[in-house]
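This briefing goes through one protein chain, from its overall dimensions to its side-chain contacts. Please keep the sequence and the coordinates open while reading.

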Amino acid sequence: SMLQTIASLHTEAASKLNSAPKHYTMFLRRYASLYESKRLEKEQQSRRFGAGLSKLQEAAVMVDELKREAAEQQITLADKQRQADQALNDITSAMASASNQKTESEQLKTLLAKEAVKL
């Protein structure tokens, strides 16, 4: 465990370096300070990663929604395009019919004028 590791470090340091309990206490305080600093750093990093992950998930939901809306709009657009094409065909047919009627009317007028001259 952690305590056993620290105790063995103290024992080794005391026997090899002739360190006093005061040095060991300073070591423990410094170790606790470093440990707390790293723990806080990792917590902040974890929060940042969590926030980033949350933003990515929100973006994924938004992209899915936009894809769905785009698909709906594409269907609507295709329907409107089909209606516009049909209207254009109707207009073209009406114009062709009007042109034919005008030609026939002019031919009839010419024919009537010739008949009138004969009379």
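The points below cover the fold, the surface, the aromatic contact and the salt bridges.

The model is predicted, so local features need pLDDT of at least 70 and side-chain atom pairs count only at pLDDT 80 or more, whereas totals for chains, interfaces and linings use all residues. Residues are numbered from 1 along each chain as its sequence is written, and side-chain values use heavy atoms, with hydrogens and water left out.

**Overall shape**

- The secondary structure of the protein chain consists of two helices and zero strands; helices (H or I, at least four residues) and strands (E, at least two) are DSSP runs, numbered from the N terminus.
- Helix 1 covers 2-17 and helix 2 covers 21-118.
- Along the principal axes, the C-alpha trace spans about 145 × 20 × 15 Å.
- Within helix 2 lies serine 99, which is partly exposed at a relative accessible area of 40%. The C-alpha atoms of serine 99 and threonine 110, 11 residues apart along the chain, are separated by 16 Å.

**Surface and burial**

- The protein chain has an accessible surface of about 10700 Å², and 61% of this belongs to carbon and sulfur atoms. Accessible areas come from the Shrake-Rupley method with a 1.4 Å probe, and for residues only the protein chains shown count as cover.
- Of the 119 residues, 3% count as buried. Buried means under 20% relative accessible area, exposed means over 50%, and partly exposed lies in between (1.4 Å probe, protein chains only).

**Nonpolar patch**

- Which residues form a nonpolar patch on the surface? They are Met2, Leu9, Phe27, Tyr31 and Tyr35, with about 480 Å² of accessible area together.
- Patches are made of residues with over 30% relative accessible area and no salt bridge; like charges are joined within 9 Å, and nonpolar side chains (Val, Leu, Ile, Met, Phe, Trp, Tyr) within 5 Å.
- Helix 1 and helix 2 each supply at least two residues of the patch, and the largest share, three residues, comes from helix 2.

**Aromatic pair**

- One aromatic pair is found in a search of the whole structure. The ring centres of tyrosine 31 and tyrosine 35 are 6.4 Å apart and the planes are at 20 degrees, so the pair is stacked.
- Rings of Phe, Tyr and Trp (its six-membered ring) pair if their centres lie within 6.5 Å; planes under 30 degrees apart count as stacked, over 60 as edge-to-face and the rest as tilted.
- Tyrosine 31 and tyrosine 35 both lie in helix 2, four residues apart, about one turn of the helix.
- Both tyrosines are partly exposed: tyrosine 31 has a relative accessible area of 33%, and tyrosine 35 has 46%.

**Salt bridges**

- Side chains of opposite charge can pair when their charged atoms come close. The count here is six salt bridges, each a side-chain nitrogen of Lys or Arg within 4 Å of a carboxyl oxygen of Asp or Glu.
- Glu36, Arg39, Glu43 and Arg47 are linked in a network of salt bridges.
- Glutamate 43 and arginine 47 are separated by about one helical turn because they are four residues apart in helix 2.
- Arginine 39 is partly exposed at 30% relative accessible area, glutamate 43 is partly exposed at 31%, and arginine 47 counts as exposed at 53%.
- Another salt bridge joins arginine 82 and aspartate 79, with the closest N and O atoms 2.1 Å apart. Arginine 82 and aspartate 79 are three residues apart in helix 2, so about one helical turn separates them.
- Is arginine 82 buried or exposed? At 55% relative accessibility, arginine 82 counts as exposed, while aspartate 79 is partly exposed at 26%.
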